[in-house]
Number of protein chains: 2
Amino acid sequence: MAKVQPRTLSGFMELLPAQQIQFDRMAAIIRESFSLYGFFPLDTPLIEASDVLLAKGGGETEKQIYRFTKGDSDLSLRFDLTVPLAKYVALHYADLAFPFRRFQIGKVYRGERAQRGRFREFYQADIDIIGDGRLDVSNDAEIPAIIYRTFTGLGLRRFQIRVNNRKVLNGFYAMHGLTQQSGSIMRTVDKLEKIGEKSVRDLLTGPDIGLSDQQAAEILRFIAIQGTNAQVLSALEQYRGRNPVFDEGLDELNLVARHLAGFGVPEENFAVDLTIARGLDYYTGTVYETTMLDHPEIGSICSGGRFDNLAEYYTDKQLPGVGISIGLTRLFFVLEDQGYLNNQLNTAPADALFIPMTGDLSAAISLATQLRDAGLRAQIYGEEKKFKQKMSYADKLGVPYVIFLGEEEIQEGAASVKDMRSGQQVKLSAGQALAHIQAGLAELNRGTPILDRGV
Amino acid sequence: MAKVQPRTLSGFMELLPAQQIQFDRMAAIIRESFSLYGFFPLDTPLIEASDVLLAKGGGETEKQIYRFTKGDSDLSLRFDLTVPLAKYVALHYADLAFPFRRFQIGKVYRGERAQRGRFREFYQADIDIIGDGRLDVSNDAEIPAIIYRTFTGLGLRRFQIRVNNRKVLNGFYAMHGLTQQSGSIMRTVDKLEKIGEKSVRDLLTGPDIGLSDQQAAEILRFIAIQGTNAQVLSALEQYRGRNPVFDEGLDELNLVARHLAGFGVPEENFAVDLTIARGLDYYTGTVYETTMLDHPEIGSICSGGRFDNLAEYYTDKQLPGVGISIGLTRLFFVLEDQGYLNNQLNTAPADALFIPMTGDLSAAISLATQLRDAGLRAQIYGEEKKFKQKMSYADKLGVPYVIFLGEEEIQEGAASVKDMRSGQQVKLSAGQALAHIQAGLAELNRGTPILDRGV
């Protein structure tokens, strides 16, 4: 028979089994962490009608969309989880209680140019809190707590949640009569880390934006405000009273910073940072970025912010919200690439592999059933192979325990349990075997999926 | 602004929040159950190159495929999880240990005519065990155990796993010189429940198949063999010695039935049933169907079988396997439709909703952080609303507990905890509140997602 070359499309992550277990462990921790804050899980279709998905239209993303027809229908694959959320909230408005909190972990599609570390199919892990008419700023204050719990749960330690407020920026620009240009100023200032102060100054005073040298200096002085959160907030107080939008933004920033300790977020993992603006005009208040302190080149691993109106393309209802997104597929790729994954954790599909030494598998089946009833993942190797091949299978899977059942063990109602890491083998009763393995697993599974040793 | 009508495509399931929690609970139980048997989780792309996905070509499914081009690429959405598995195993052969056991729970796409209970995007939950060259029949014996544990874990009780063996059927047909016609005979016999014995007889003796009356009678007598598993297997012994394929199939059926008790499957949930053939030519040995005893009209809710060669379109390696598939989206739809879902279980996004009675949320934030650290899902209602509106929000979410924090509670370091089902409210310390809620939740979450009361 003529064969087709099996292959996976470029830009589509397909993991080997042990990697997949690592990925799933991370996804499970993120899901659990999100769930602790009262978010509904949501699962929307991957395909939407093109006119619905592209209601906003234009923009960079539209070129990247996977769009096609099926019968008479013009269809598109979702390119983020925010537009489907907007559709969902507008469509099911009457059935939802507001604030509506949802998280979604799902695949999205963007036909970007394929290159190393860039994916066309990738998981996003999003949370959003949507208000009906208005949404209290205390919700903004909770977001850093969720980011902190999630990343520390994964095992990351050296990261920083950087927070700013667009109203502080907009208010500041208004003070200086720069409201008109504030959008392009913020997009330029956002590049500060990438291109440096001089290039930013040149762009600000260049023909496109056209600021005076003094205006550019004011802006650069403003975004150069640094120090502890208390120092930055105190420096911002100097500007108070000159613009109501600024004052509102400063109040919000103060509130977000004030509740950090109560939410359990240490100072060292949080910074009020006036250089953060997020490139999107979508955000109107608090904005968030999260960087790995030892890998700033990776950029933000969790970003988001406050927006005024989630679903204006679908409904007249005013639906403000605040949310964040983790690019999970890229994060996993980067963590693996940089050696952050904890390879000490169990990546085998089973906790115990039975290797029966008799033709009749009855004893193995009974004991495996008992162990499974107790929650242990047990697998029976039932193939007729040489002993060496059976052990090589156990090694290849990386199972922590092998259970041998020979004539002797069966007669004695016992099982020989081999700890594959230590090599130690003991003959135990069924109950003892269970306890022995459970104790070992508790030890083995104690770590986090990420090992962050710092530099 | 002109609005786009928000809508979800027909044939695409999109659940309301409480339903989604029910669905996710079912999916989690299936995942856990599969995991107990040593299966790797797998996650393959939803999009594959069309030539890879359609290597087998032809068939009913091809017309239903979502196929499109992006740039120069001819792409298709997966229509099942088996073809991607075949590709995966062929592509990553050198990196896998065999038998390779994997489960996958994922969405697949078929552009069927939309009708009630039919989905174009739906979850399948599959397990497969793939051997390299050969695969021991003990793997076939384990499959009913997995089905049994999975469905009882969900809460189903009145279901039956029906098992047959294609070799028994093929061998029987060979005995009667009907090998040539065996495919069409089996497809016809498979319809017995749907169309009745007379129609089957007419089809068998009709022009397309052309059996003699005596041959048709032999076949109908054979598939009419009924009774306990022991009775059916014993009746089959009468045919032994007349055809080697039959004898092999009978040995396999005997082995599968023999290990049931060891695997913990009660007789009443299992039947050797000679009418089961599965419509697909793909299966070559053991075949499985699972029916709900009170709803036979739903058809099989979990089917599968043994096949000789998983990936012949991609590789010369002989890769036999055995597997099953649950059509999860349809199953959920049917269970909800038939009133099987257990609405007593918690479908709120949070276990406890904080309703602060003071402007300052500090106390609520601290206590919520404590409860979350202990694994409780806690949400703070921070909106400025009237008390009645706050309670109405709690009611709408269906949270089991509301925690009130007023000046009095804060001064005393206490919290007023209201059990929303009983209406009972008690003032407790932080530690007491945690214990009180945890005890209530243990009670509340004790049931299964399905309530099978029988008829």
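Which residues do ring pairs link into a cluster? The legends below take that up first; keep in mind that this is a predicted model.

**View 1. An aromatic cluster with members from chains A and B.** Ring pairs tie together Tyr66(A), Phe68(A), Tyr109(A), Tyr66(B), Phe68(B) and Tyr109(B). Lys70(A) has its charged end over the ring of Tyr66(B), 5.3 Å from the ring centre.

**View 2. Tyr93(A) and Phe98(A), a tilted ring pair.** Searching the whole structure turns up 41 aromatic pairs over all chains. Here the ring centres of Tyr93(A) and Phe98(A) are 5.2 Å apart and the planes meet at 35 degrees, so this pair goes down as tilted. Stacked would need planes under 30 degrees apart, and edge-to-face over 60. How accessible are the two residues? Tyr93(A) has a relative accessible area of 22%, so it is partly exposed. Phe98(A) comes in at 14% and counts as buried, because the cut-off for buried is under 20%.

**View 3. The eight-stranded sheet of chain A.** This is an open sheet with mixed pairing, and its strand order is β1-β5-β6-β11-β10-β9-β7-β8. At the edges stand β1 (40-41) and β8 (270-272) of chain A; each has a single partner strand, so one side of each has no neighbour in the sheet. Zoom in on β5 (residues 100-109) and β6 (residues 121-130) of chain A, and you find an antiparallel pair with 10 bridges. Within that pair, Lys107(A) has Tyr123(A) of β6(A) as its bridge partner. Helix α12 (residues 328-337) of chain A lies across β5, β6, β9 (283-292) and β11 (321-327), at about 40 degrees to β11(A).

View 4. Another open sheet with mixed pairing runs β13-β12-β14-β15-β16 in chain A. Its edge strands are β13 (378-380) and β16 (425-429) of chain A; since each has a single partner strand, one side of each is left without a neighbour in the sheet. From one strand to the next, the twist averages 30 degrees. Strands β14 (residues 401-405) and β15 (residues 414-419) of chain A run antiparallel and are joined by four bridges. Look for Phe404(A) opposite Ser416(A) in β15(A). Packed on this sheet is helix α13 (residues 362-373) of chain A, which touches β12 (352-356), β13, β14 and β15. The direction of α13 makes about 165 degrees with that of β13(A).

Definitions and conventions: Residues are numbered from 1 along each chain as its sequence is written. Chains are lettered from A and ligands numbered from 1 in the order in which they are written. This is a predicted model: local features need pLDDT of at least 70, side-chain atom pairs count only at pLDDT 80 or more; totals for chains, interfaces and linings use all residues. Side-chain values use heavy atoms; hydrogens and water are left out. Two strands pair if DSSP finds at least two bridges between them. Helices (H or I, at least four residues) and strands (E, at least two) are DSSP runs, numbered from the N terminus. Contact means heavy atoms within 4.5 Å. Axes are lines fitted to C-alpha atoms, for helices over the stretch in contact, and angles run from 0 to 180 degrees between N-to-C directions. Rings of Phe, Tyr and Trp (its six-membered ring) pair if their centres lie within 6.5 Å; planes under 30 degrees apart count as stacked, over 60 as edge-to-face and the rest as tilted. Buried means under 20% relative accessible area, exposed over 50%, partly exposed in between (1.4 Å probe, protein chains only). A charge sits over a ring if NZ of Lys or CZ of Arg is within 6 Å of the ring centre and within 35 degrees of the ring normal.
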